[in-house]
Amino acid sequence: MEQERVRLERRGAVALLTMNRPDALNALNSDTLRALLDRVEALGGDRELRAVVVTGEGRAFVAGADIAEMQGFSAEQAHAFSRLGHRAFDALEALPVPTIAAVGGFALGGGCELACACDWIYASEKARFGQPEVNLGAIPGFGGTTRLVRRIGIAWAKELVLTGARIDAETAQRIGLVNRIFPHEELVERAVAAGLEIAGKGPLAVASAKRVMQEGQDADLRVANALEQNAFARSFATSDRAEGMAAFLEKRDPKFEGR
Ligand code: COA
């Protein structure tokens, strides 16, 4: 039952995770965060997986952390809740395969933070983003002061976090929070299609490039450039790299084996 709070479907090499608590607009309570962590940890061991799409059931992506659960929290309980959220989102961020958030409704508070824990965000015209915690006398607890800053820059992050304002999909795209906007009915399928496209690439190269960008973003430029040089060199020791270049020169499609 708890697991069903986050539904898992497979579309070929792509996993579709659906936040599934629509009666509460998919608000994140402890059970849901644990279900997400379980799902993500299981996906981490899946050698056939090539991409993950995260979406929400019903009219929300996720409308935030569960206010009803949080209402009675002591500072200590709030700390544990924030740690749980970070653990789940860190695990999602650390998956070796690309992760795409498909946001077709409210992505508020923890919802916006969940989307930012994915590698990028696709939205429909119905998407609404915001960090409304200050309206409740609280602050973001699952990455709204950290990942959001890195994603859209500190000035826009401050405006969102400090005003609690809600923005539409077009504004979110303009400020770099959303990569692309698709018609609502097509959103999830377009995100899955992007995942399937990635599935045709060299999986070791995709994972390596993701890791280098992720780690490089938090390192200084000299260290980040060195990380890239080492990873570039390592890619030349893979059979996939040999196959990819041979296939290009022989004018045929490559057959990548993840070796
Ligand atoms: N936590 C717990 N329950 C939530 C929730 C949240 N973050 N967001 C929505 N819900 C619940 C509502 O309490 C309501 O439950 P009910 O039917 O038992 O009364 C149900 O989801 C539907 O929400 P409702 O507010 O009736 O829908 P709406 O269309 O009028 O408004 C929102 C939608 C998203 C604008 C509004 O629900 C909202 O502001 N949610 C909180 C957003 C927020 O502050 N998130 C950050 C939390 S730190």
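A: Asn26 is buried, with a relative accessible area of 1%; buried means under 20%, exposed over 50% and partly exposed in between, with a 1.4 Å probe and protein chains only. The model is predicted: local features need pLDDT of at least 70 and side-chain atom pairs pLDDT 80 or more, while totals for chains, interfaces and linings use all residues. Numbering runs from 1 along each chain as its sequence is written, and side-chain values use heavy atoms, without hydrogens or water.

Asn26 sits in the loop between β2 (14-19) and α1 (30-44). Helices (H or I, at least four residues) and strands (E, at least two) are DSSP runs, numbered from the N terminus. The phi of Asn26 is near 60 degrees, a positive value in a residue other than glycine. Most residues other than glycine have a negative phi.

The side chain of Asn26 reaches the backbone oxygen of Phe61 at 3.0 Å. This is a polar contact, a pair of N or O atoms within 3.5 Å; within protein, one must be able to donate a hydrogen and the other to accept it, and residues adjacent in sequence count only if both atoms are side-chain atoms. Contact in general means heavy atoms within 4.5 Å. Setting aside residues up to four places away in sequence, Asn26 touches Met19, Asn20, Arg21, Gly56, Glu57, Ala60, Phe61, Val62 and Ala63.

Ala63 leads on to the ligand: one of its backbone N or O atoms lies 3.0 Å from a ligand nitrogen. A ligand nitrogen is also 2.9 Å from a polar backbone atom of Ala65, and one is 2.9 Å from a polar backbone atom of Ile67. On its own the ligand has 860 Å² of accessible area, and the protein covers 57% of this; the areas come from the Shrake-Rupley method with a 1.4 Å probe.

There are 17 residues around the ligand, and Asp23, Arg59, Ala63, Ala65 and Ile67 come nearest; a residue is near if one of its heavy atoms lies within 4 Å. At least two residues of this shell come from α2 (67-70), and at least two from β6 (106-108). Its classes are eleven nonpolar, one polar and five charged residues. Asp, Glu, Lys and Arg count as charged, Ala, Val, Leu, Ile, Met, Phe, Trp, Tyr, Cys and Pro as nonpolar, and the others, Gly among them, as polar.

Another positive phi belongs to Lys251, at about 55 degrees, although Lys251 is not a glycine. Lys251 lies in the segment after α11 (239-249) and counts as exposed, at 77% relative accessibility, whereas Asn26 is buried. Pro254 is also found in the segment after α11. With a relative accessible area of 34%, Pro254 is partly exposed. Beyond its neighbours within four places in sequence, Pro254 is in contact with Glu243, Gly244 and Ala247.
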